[in-house]
Amino acid sequence: MIASDIEIVNRCLAGDVNAFEVLIERYKKAIYNTAFRMMGNREEAEDVSQEAFIRMYNSLSKYNPEYKFITWALKVTTNLCLDSLRKRKAETVPIDEVFEIKDGKDTPEEEYIRKENQKLVQDAIMKLPDKYREFLILFHHRNLSYQEIMDITGESLTIVKNRLYRARQMLKEELISREKEREKYAVPGNK
Amino acid sequence: MQCQEINSLVMKYFDGNISELEREMIIRHNEKCNRCAEEFEILRNAIDTLEELPEIEVPAGFESRVMEGIISRRA
């Protein structure tokens, strides 16, 4: 029988520290990937994810079981990401590129276009203000609902909707300006 | 319909909260307005890509490092 999240939380609270490993195993992928998309590189994603799980463990007594554990875990993680992003010096941070290897269904040309698209979007979302990137990642990358995003960010429905609207607008403007830059330097007649 | 109004519908489209009629309005407007059509394609491509960005593997030994951190801070 698989233990529920709250059963594991209760075991931890009763002193069984090793039980927490089950929760790490269960949610590490979502936490690490969210941190990766927020921070833009693996090294900081790992630091933030580790710290997030340690903080979760240390504040398990504050976990409210009315919410899903993952919602609370994402709240802790995104708050830590935003804190780290505020502290860091942007110009020194690398952006790791990650490309999906599809199972040979794409032609080399399709594969190339997909990689270029992924790189373009990845770079563009890293240019957005952190607070806006957070909403885009939660909604469009983690596929969460408005309600889940409200629970994670503590914002109202109006703010969630407005920030998503504004984030998409900024993403579009960033991509259009890149497109214009590219056209400016393109060889005439070789578009 | 004005471009500004279409832009609001486009955002509803990406919220996944749009009626068939509203979708038709975007299509009809974009057939006549190159700028909106181009911007819609740029954003659609970006959102599709964002939704499909690959999940990456968590580094090996991650759990152990977290557990060590928990235990060392308890000590």
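Colleague: How far apart do the C-alpha centres of domain 1 and domain 2 of chain A lie?
Modeller: In this predicted model, where local features need pLDDT of at least 70, side-chain atom pairs count only at pLDDT 80 or more, and totals for chains, interfaces and linings use all residues, those two centres lie 24 Å apart. Residues are numbered from 1 along each chain as its sequence is written, while chains are lettered from A and ligands numbered from 1 in the order in which they are written.

Colleague: And which residues belong to each domain of chain A?
Modeller: Domain 1 covers 1-93 and domain 2 covers 97-191, with bounds that come from an automatic or database domain assignment.

Colleague: How many residues does each domain put into the contact between them?
Modeller: Domain 1 of chain A gives 11 residues and domain 2 of chain A gives 10 residues, where two residues are in contact if their C-beta atoms, placed from the backbone, lie within 7 Å. On the domain 1 side, α2 and α4 (69-87) of chain A are the elements that give two or more residues, and α4(A) has the largest share with six residues. That side divides into five nonpolar, four polar and two charged residues; Ala, Val, Leu, Ile, Met, Phe, Trp, Tyr, Cys and Pro count as nonpolar, Asp, Glu, Lys and Arg as charged, and the others, Gly among them, as polar.

Colleague: Stepping back, what elements does chain A have?
Modeller: Chain A has eight helices and zero strands, taking helices (H or I, at least four residues) and strands (E, at least two) as DSSP runs numbered from the N terminus. Its C-alpha trace spans about 70 × 40 × 30 Å along the principal axes, and residues 24 or more positions apart account for 68% of the contacts in chain A with a separation of 6 or more.

Colleague: What share of chain A is buried?
Modeller: Of its 191 residues, 32% count as buried, meaning that 20 or more other C-beta atoms lie within 10 Å of the residue's own, against 12 or fewer for exposed and in between for partly exposed, with C-beta atoms placed from the backbone.

Colleague: Which residues have the most contacts inside the largest nonpolar core?
Modeller: They are A:A35, A:F135, A:L136, A:L171 and B:A46, in a core of 57 residues; such a core is a set of buried Ala, Val, Leu, Ile, Met, Phe, Trp, Tyr and Cys residues joined through C-beta atoms within 7 Å.

Colleague: What does A:L136 touch, leaving aside its neighbours within four places in sequence?
Modeller: A:L136 is in contact with A:I125, A:A167, A:L171 and B:L50.

Colleague: On to the two chains, then: how many residues does each one bring to the contact?
Modeller: Chain A brings 32 residues and chain B brings 26 residues. On the chain A side, α2(A) gives the most, with nine residues, and that side divides into 17 nonpolar, seven polar and eight charged residues.

Colleague: What confidence does the predictor give the complex, and chain B?
Modeller: The complex has an ipTM of 0.88 and a pTM of 0.88. Chain B averages a pLDDT of 92, and 99% of its residues score at least 70, pLDDT being the predictor's confidence in each residue, from 0 to 100.
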